[in-house]
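Dear colleague,

Please find the structure below, handed over for your reference.

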Amino acid sequence: MKIDRDQIRMVIALFVVAVIAAAVTGLTNMFTREPIANAQKAALHNALQQVLPLHANDPQTEKVTVNDTTIYPAKKANGQLTGLAWEVTAPDGYSGSIRILVGLRPDASVQAIRIIYHRETPGLGDGIVKNNHWLDSFTGHGLDSRIWKVKKDGGDFDQFTGATITPRAVVKAVKGALEFFHVHHDLILERVMLAQIPANNTTKGGLH
Amino acid sequence: MNKSEIFADGFWHNNTVFAQLLGMCPLLGVTTSAENGFWMGAATVIVLIGSNLVVSLVRGIIPKNVRIPAYITIIAALVTVVEMAMNAWMHEMYLVLGLFIPLIVVNCAILGRAEAFASKNSVIDSLVDALAIGTGFTFALLLLGGVRELLGQGELFGFSVFGASYPDVLMFILPPGAFIALGFILAGVNIFNARMQQRSDERAHAANIALAALAADIAAVEVSS
């Protein structure tokens, strides 16, 4: 079969463009990987500061995993547990999933919640981010002290004018976090206490 | 065309939104606030400058039959770079615009400029064109975002304009409001353009009358002499 020179030129041109494009995106990935990780870590750090009680440790370095859920513990300087936080996802938001960081106290009541990702309608569903009064209505409550539904469904939590689906999804997801804590209570506390890193001994083996 | 003509053409006469009605997806999707509109526009400007630059550099080198896949590969690479950079250094805005950044690849305005302008013009002219088209697109996004934010929430760039008692007109935040607001903006642009046209016609007409009068005077003078 005769291949004419134009065809070869086409293949070479596309090949060169593809290689250069791959190299450029690869290089960018190399340079941005660390800043992206840092930005995500900083965003998580901010959110953790808001949902956890005062603590002396770094919850991100002491995280543990229970049933595929990453749990961030908050501890005082003497090692006493003051709170736990983990992320829950509400898959049934008005537009896509809502990711919520839930901070709990050891007595299984909510310390605070923060929305870390959502695509809800500005001015309607995004009250879950802007409405501090509503966010605060979770604080101090556990599974027994509240009916975990919006008022329209016969529960204790406000919905917003024109937006019921979003708060309903968030309330349900937070309730899910409380139930998760209820079910795995012992396992979570055990893992969290085991993971404790002695404050002045952070050498990674090798000294034996 | 000289540089200022290229700029005026790209920014206004051939504006992606007002004249060509292209790029509707990001336009209607992200313009719930002025700030979102602005940053979406800024990301588009960067991609457009990069793609026009590269395409005009390789014009004549890439065989005609494969130019479209080559341009799309170039644009997709640039968009990926912008996306990663935003994720790294503008994390919060990245979370807001997230879904729409990859969609810049399929903003036909960008491929359109590569095909219609950058592949036929010098590097400098292509850069001017990219800047003009990009700022024109950003202006449209900013305008629509501002109108929707103002009417929908009584705010502009997050600052309260109409005060706390303003009843949020949610329709303008929701997709139908985007179409309605865009319709009125386009009507306004058309009225403005028609006025400008009329004015320049009148001026030309007046000039013609003056010229005719002058010619008649000259003729009269010639006859009388």
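**Packing between the two chains**

Helix 1 of chain A and helix 4 (residues 67-89) of chain B pack with their axes 8 Å apart, at an angle of about 5 degrees. Helices here are DSSP runs of H or I with at least four residues, strands are runs of E with at least two, and both are numbered from the N terminus. The axes are lines fitted to C-alpha atoms, for helices over the stretch in contact, and angles run from 0 to 180 degrees between N-to-C directions. The contact of helix 1 of chain A with helix 4 of chain B is made up of 18 nonpolar, seven polar and no charged residues. In this division Ala, Val, Leu, Ile, Met, Phe, Trp, Tyr, Cys and Pro are nonpolar, Asp, Glu, Lys and Arg are charged, and the others, Gly among them, are polar.

Please note that this is a predicted model, in which local features need pLDDT of at least 70 and side-chain atom pairs count only at pLDDT 80 or more, while totals for chains, interfaces and linings use all residues. Residues are numbered from 1 along each chain as its sequence is written, and chains are lettered from A and ligands numbered from 1 in the order in which they are written.

The contact as a whole takes 23 residues from chain A and 26 residues from chain B, where two residues are in contact if their C-beta atoms, placed from the backbone, lie within 7 Å. On the side of chain A that touches chain B, helix 1 (residues 5-51) of chain A gives the most, with 17 residues. That side of chain A comprises 14 nonpolar, seven polar and two charged residues.

**Chain A**

Chain A has four helices and five strands, in the order α-β-β-β-β-β-α-α-α along the sequence. The radius of gyration of chain A is 24 Å, well over the 17 Å that the globule rule gives for 208 residues, so chain A is more spread out than a compact globule. This radius is taken over C-alpha atoms, and the rule is 2.2 Å times the number of residues to the power 0.38. Of the 208 residues of chain A, 30% are buried; buried denotes 20 or more other C-beta atoms within 10 Å of a residue's own, exposed 12 or fewer, and partly exposed in between, with C-beta atoms placed from the backbone.

Thr65(A) lies in strand 1 (residues 64-66) of chain A. Thr65(A) is exposed, with 11 other C-beta atoms within 10 Å.

**Chain B**

Chain B has eight helices and two strands, which run α-α-α-α-α-α-α-β-β-α from the N terminus. Its C-alpha trace spans about 85 × 60 × 25 Å along the principal axes. Buried residues account for 38% of the 225 residues in chain B.

**Confidence**

The model scores ipTM 0.73 and pTM 0.75. Chain B has a mean pLDDT of 87, with 100% of its residues at 70 or more; pLDDT is the predictor's confidence in each residue, from 0 to 100. Within chain B, confidence is lowest in helix 2 (residues 24-30) of chain B, at a mean of 80, and highest in helix 4 of chain B, at 92.

With kind regards
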